[in-house]
Amino acid sequence: MSEFNTISRPSQRPDLLNNTTHFPELPKSGPLTEYRRRATIDWRKVKLAFNDEASLELQQKVWNFFQNNPLFARPSQTLSLDESRRLATKRMYAIKEENIFGIDALLERPDFMGYFSHLLMAYDPSFSIKFSLGFGMFPSVIQALDVGRLSHLVEQNQRGEILGSFGLTEISHGTNAKGMRTTATYDVKSKEYILHTPDFEAAKCWIGNLGKTCTHMVCYAQLYSADGKHHGLNAFVVPIRDPKTLNAYPGVIVGDLGEKAGLQGLDNGFVMFRNYRISRDYLLARTGDVNEEGVFVSPYKDENKRFGASLGALSGGRVGICGIANMYLMKAISIAIRYSASRKQFGPDDKSEEWPVLEYQSQQYRLYPHLANAFTIKMFTLWFAKIYGEIFLKTLTGERVEHVGMEIHALSSAAKAICTWAARDGIQESREACGGHGFLKLSTLGDLRGDNDPNCTYEGENNVLIQQTSNWLLNVRFSGYENFKVASPLGSAQFLKDYANHNDFRASWKTPSEATDINVIMEALNWLVAYLLDTTAQKVANLKKQGKSSFTARNESQSFYARTLSMAYGERVIMFAAMKFLRNLEDGPEKVALTRLVSLFGANVVIKHVGVFYQGGYFAKTANALELLQQGVLDLLPLITVDSVALIDAIAPPDFVLNSPLGMSDGEVYKHMESAILQAPEALERPKWWREVVYRDYVKPKL
C-alpha cells in the first residue's frame with residue numbers, strides 16, 4: 001500500500017466532545033428543534049470526524065479574532081469598489097499581524113496549508129485570497145524554486161514588509177502557458193535580466209494583489225540567454241512597487257482591472273514592462289539558471305519535465321481551490337437546508353398543519369445530492385491536502401517527486417473542475433430552493449455564487465484543464481496497463497493495472513439497497529473509467545489511422561470521450577478517498593449517516609453517466625438495474641432527512657460567519673429577515689430623487 005493511501009490524525013482526548021468552546025450548545029427552541037430532537041446522530045461526533053483538536057483550536061482562534069475585532073464588523077451597506085479594496089487590505093494586514101498561523105506552523109502541519117485560508121475564506125473571500133496569495137503562495141513558490149539567493153525576500157514577506165503576487169496569465173494567453181510572450185533577456189555586462197512586454201496582448205493580467213497593493217510578483221517569462229537562445233518559460237521575482245510609497249518603479253506600468261462579478265475586495269491587476277531590469281539573483285533557478293557568463297544550465301535534460309517542475313506551484317493552487325469551492329458549497333447548502341426545515345408550505349389537506357418544505361421529496365432530491373457532494377468532497381479534500389502537504393515538504397528539501405508530481409497534476413486538474421462545478425451547481429440550486437428570499441442580497445447566496453464563479457476559470461479554465469487528466473491517463477495506457485502501478489503512487493489509478501478484471505464487471509444488484517452499496521458503486525465506477533479509457537484510446541488510435549496528427553486526434557476525441565473520461569476518473573477518485581475516510585471511522589450512527597451521503601454521491605455519478613453504462617453493456621445482465629438504483633436513491637432521502645439538520649450543524653460555521661438570515665442556527669428565518677430589512681439603510685425612507693417622480697411635468701424642457 002502507498003504511504004499516501006491513509007488519512008491519519010492525532011488521537012482525540014475522550015472529553016473533547018464536552019468542550020463547549022469547540023462545540024457550543026445549539027438553540028433549544030425554534031423551528032429546527034424538532035429535527036434536532038429526531039436525529040439519530042450526535043452532530044459533535046460528525047464534526048470531530050473531520051477535525052482533530054489542533055484544527056478545532058485553530059478554528060476557534062480565527063472565529064474569536066473575527067468576532068472581537070471591529071474591523072471585521074459587517075458593513076451595513078454595499079461598499080464602493082475603492083472601499084472594498086481598502087477594507088480587504090486592512091483585514092489582510094490585521095490577520096497577518098495577529099500571526100495566528102505562520103510559516104513555522106506550516107512545517108509542523110502541512111495539511112493545514114489550505115485549512116487556515118479556508119477559515120478566512122468562510123468569513124470574507126476577498127481579504128483571504130489577498131492573504132493567501134500575498135503571504136502564502138508567494139513565499140511558498142520562492143521556497144520551492146529558489147536556490148538560496150532570495151531567502152531575504154521570504155523573511156521580509158513574513159514580517160509584512162513586502163506583499164507578493166503570482167503572475168502567469170497574459171491578456172491573449174491563459175491556459176497555454178508556453179504561448180506567453182513576456183520576455184526576460186540576460187545581459188552579461190550588467191548581470192541583469194531585461195523584462196519586456198512587446199504589446200498589450202502580452203500584458204500580465206488577472207493577478208490578485210497586483211491592481212493596487214503588491215510590491216513584488218512571481219512572474220513567468222520566456223528566458224533568453226545573451227546569445228539569443230530560448231530556454232522556455234521561467235519564474236522570476238520582480239519588484240513592482242516601492243514598499244515605502246506604493247509607486248510603481250520606472251519601467252513598470254501597473255494598474256487595476258476594475259470591478260468584477262464578485263470578489264470586489266481583491267485587486268486584480270495588469271502589468272507591462274518596458275525594458276525593465278532586475279538582478280540576476282531574481283531568477284528562481286532550481287529548475288534552470290544562467291551563470292554569470294550567460295550560459296544556461298539545468299539539472300533537467302528534458303525541457304518538458306523542467307517546465308512541469310517550474311509550474312508545480314499551480315497544482316498547489318488547484319488543491320486549495322478544491323477546498324475553497326467546497327467551503328462555498330457547505331455554506332450554501334447549510335443555508336438552504338436550514339431554510340427548508342423552517343419554511344412551511346401546504347399540507348395533506350386544508351385542515352392540516354403546513355409541512356416544512358424539507359419534507360417534500362422534490363425538495364429533498366434537489367438538495368441532498370449537493371449535501372452529499374459537500375460531505376464527500378470534504379472527505380476527499382482532507383486526503384488530498386494531506387498528500388500535497390507531504391509532497392510540498394519533500395520539494396523544500398530538494399527531493400524530486402516526478403511520478404507523484406505527474407499524478408498530482410492530473411488529479412488536481414480533474415478535481416478542480418469537479419469541485420468548482422459542484423459548488424456552482426449546488427449554490428445555484430440552494431438559491432432556487434430558497435425561492436424569492438434566496439434572491440435577496442441579504443441571503444448572501446448571490447455573493448457566494450459570484451465569489452465561487454472565478455474558481456471555474458483561474459488556475460486553468462475547467463474545460464481546458466481537464467484535458468491534462470485524460471492526456472496523462474492515455475499516455476500511461478499507451479505504454480501498457482501494467483504501468484499504472486508505477487505511474488500512480490497515490491493510488492488514484494492503480495486499479496487500472498487490472499483492466500481486464502474491471503472490464504468484465506456487469507451490474508448484478510438485485511435490490512435497491514444493494515444498488516446503492518458503496519462497494520457495489522465503486523465496482524461500477526471502476527468499470528466506467530476502464531471502459532472510457534479504452535474507448536477513448538481506440539478513438540485516438542482510429543483518428544491517427546486516418547492520417548490525422550496526434551494534436552488533431554486528441555482534439556477530435558474530446559467530446560463524449562476524453563472529457564467524460566477525465567470527469568469519471570475524478571469522480572471515482574473522490575469516492576475512493578471517501579471510502580478510505582469511512583473505513584477510519586468508528587462504527588456507529590454517525591458512520592452510517594455519512595455512508596449514506598457517500599452512497600448518494602456515488603449513485604448520482606452512476607446516474608449521470610447512465611448513457612455510457614448502457615452503451616457499454618454494463619446493465620446487460622440486470623434489465624431493471626437503473627430502476628433499482630433510482631429506487632435506492634429515493635429510499636435514502638427520508639433516512640437522510642432525519643439527520644439533515646444535525647449534519648448541517650456539524651459543518652455550518654457560526655452564525656456571524658454564515659451571515660444569512662435564512663440559515664441562522666435557530667431557524668427563525670422571518671425574525672432575522674425582518675431585522676435585516678428594517679435596519680437596511682434608507683429602507684423606510686422615500687428616495688432622494690422623489691421630486692423627479694412627483695413633479696415629472698416640471699422637468700420637461702420647454703419648446
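Guide: Buried means under 20% relative accessible area, exposed means over 50%, and partly exposed is in between (1.4 Å probe, protein chains only). This is a predicted model, where local features need pLDDT of at least 70, side-chain atom pairs count only at pLDDT 80 or more, and totals for chains, interfaces and linings use all residues. Residues are numbered from 1 along each chain as its sequence is written, and side-chain values use heavy atoms, leaving out hydrogens and water.

Visitor: Why is Leu 440 called partly exposed?

Guide: Its relative accessible area is 34%, and partly exposed is the label between the buried and exposed cut-offs, so Leu 440 is partly exposed. Leu 440 sits in the loop between helix 12 (402–433) and helix 13 (445–452); helices here are DSSP runs (H or I, at least four residues), numbered from the N terminus.

Visitor: What makes the largest nonpolar core a core?

Guide: A nonpolar core is a set of buried Ala, Val, Leu, Ile, Met, Phe, Trp, Tyr and Cys residues joined through side-chain atoms within 4.5 Å. This one has 216 residues, and Val 218 is among those touching the most other members. Helix 19 (residues 518–545) gives the largest share, 16 residues.

Visitor: How do you know that this core lies between domain 1 and domain 2?

Guide: Domain 1 (137–299) and domain 2 (475–640) both give residues to the core, so it lies between them. Those bounds come from an automatic or database domain assignment.

Note on methods
Helices (H or I, at least four residues) and strands (E, at least two) are DSSP runs, numbered from the N terminus.
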